[in-house]
Amino acid sequence: MRVDKAAGAIGAYVGGVSLAEAAASNDLFQALREALLEHQVLFLREQDISPGEYQAFARRFGQVEGHPAYDTVPGAPDVQILESTPEAPSKIEVWHTDMTFRTAPPAITLLHGQVIPPYGGDTLWASISAAYEGLSEPMRQLVDGLEAVHDFRHGFQESLAEPGGAERLAPAIAENPPVTHPVVVTHPETGRKVLYVNALFTTRIVGLTGNESRMLLDFLYRHIVTEEYTVRLSWAPRTVAIWDNRSTQHKPVNDFFPQHRKMHRITIAGDRPVRLAA
Ligand SMILES: [Fe+2]
């Protein structure tokens with residue numbers, strides 16, 4: 001197995017390993033897991049694996065979980081289908097950490113490229129630990145003790161506004177009332193602190209006025225996506241990306257309409273984000 005950094009702060013290409021092999025080997029799996037903690041997002045090319053093999057590999061990371069808004073692959077119930085077509089184009093194009101509207105958002109997300117258009121549709125990731133570490137000491141002190149509200153409805157507002165959208169999403173909304181997370185969270189495995197607010201799901205910082213909250217969130221959102229904290233992947237069919245959702249944000253670049261794209265996603269359950277005393 002070979003690991004090559006893809007950018008300065010985040011990301012690595014992993015070669016010489018099939019995820020089907022890694023599903024069967026403790027040593028290979030541990031090496032991949034450690035590379036993931038260090039590099040935060042891993043890219044693996046030409047992964048000829050079935051949905052069953054993909055699911056078997058992903059299950060080694062922990063408890064797989066579902067998503068209220070997506071269908072799954074027949075026979076591989078852990079594998080969610082993310083599909084974008086001319087009739088139903090992808091709508092999410094905002095930087096985010098996955099599913100922070102949950103009390104315990106996923107720890108790890110995996111994507112396996114199925115149908116990839118010839119151009120467009122890259123994904124970007126940003127390191128929210130590098131972003132925290134890039135703040136000045138006075139700014140760290142300001143954000144360290146704060147908490148923010150995250151809300152499912154905020155991320156799905158376009159879908160909610162569509163005809164029938166409110167009815168379709170009503171059960172998901174009822175199951176996912178707004179939650180509060182610390183603005184600065186300690187990564188449970190690396191101990192690094194991360195900036196845990198995102199433009200898709202965070203609605204406000206608790207205790208600040210509306211203006212203060214908007215100003216601070218706008219600053220943090222821009223700061224997190226500073227180019228030096230990011231990496232960009234150009235997908236090919238069979239590419240797999242695995243990211244640590246506790247130390248990253250990502251942004252799907254929505255520039256491939258009306259082309260068809262299909263991805264297989266698996267998410268691994270995580271713990272409730274907490275901030276530990278330094
Ligand atoms: Fe996402």
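**Figure 1. Secondary structure and overall dimensions of the predicted protein model.** The secondary structure comprises 9 helices and 17 strands, where helices (H or I, at least four residues) and strands (E, at least two) are DSSP runs numbered from the N terminus. The radius of gyration is 18 Å, close to the 19 Å that the globule rule gives for 278 residues, so the protein is as compact as a globular protein of that length. This radius is taken over C-alpha atoms, and the globule rule is 2.2 Å times the number of residues to the power 0.38. The C-alpha trace spans about 50 × 45 × 35 Å along its principal axes. The model is predicted: local features need pLDDT of at least 70, side-chain atom pairs count only at pLDDT 80 or more, and totals for chains, interfaces and linings use all residues. Residues are numbered from 1 along each chain as its sequence is written.

Figure 2. Of the 278 residues, 39% count as buried; a residue is buried if 20 or more other C-beta atoms lie within 10 Å of its own, exposed if 12 or fewer, and partly exposed in between, with C-beta atoms placed from the backbone. Among contacts with a separation of 6 or more, 82% join residues 24 or more positions apart. Two residues are in contact if their C-beta atoms, placed from the backbone, lie within 7 Å.

**Figure 3. The open sheet with strand order 14-8-16.** The sheet has 3 strands and antiparallel pairing. Strand 14 and strand 16 stand at the edges, each with a single partner strand, so one side of each is left without a neighbour in the sheet. From one strand to the next, the twist averages 20°; axes are lines fitted to C-alpha atoms, for helices over the stretch in contact, and angles run from 0 to 180 degrees between N-to-C directions.

**Figure 4. Strand 8 and its partners.** Strand 8 (residues 123–127) is mostly covered, with 4 of its 5 residues buried. Strand 8 pairs in the antiparallel sense with strand 14 (residues 230–233) over 4 bridges and with strand 16 (residues 248–252) over 5 bridges; pairing requires that DSSP find at least two bridges between two strands. Trp125 has Val231 of strand 14 as its bridge partner, and Leu124 stands opposite Lys251 in strand 16.

**Figure 5. The surroundings of Arg275.** Arg275 lies in the segment after strand 17 (261–268). Arg275 is partly exposed, with 18 other C-beta atoms within 10 Å. Not counting residues up to four places away in sequence, Arg275 touches Pro182, Val184, Val185 and Thr186. The C-alpha atoms of Arg275 and Ala166, 109 residues apart along the chain, are separated by 34 Å.
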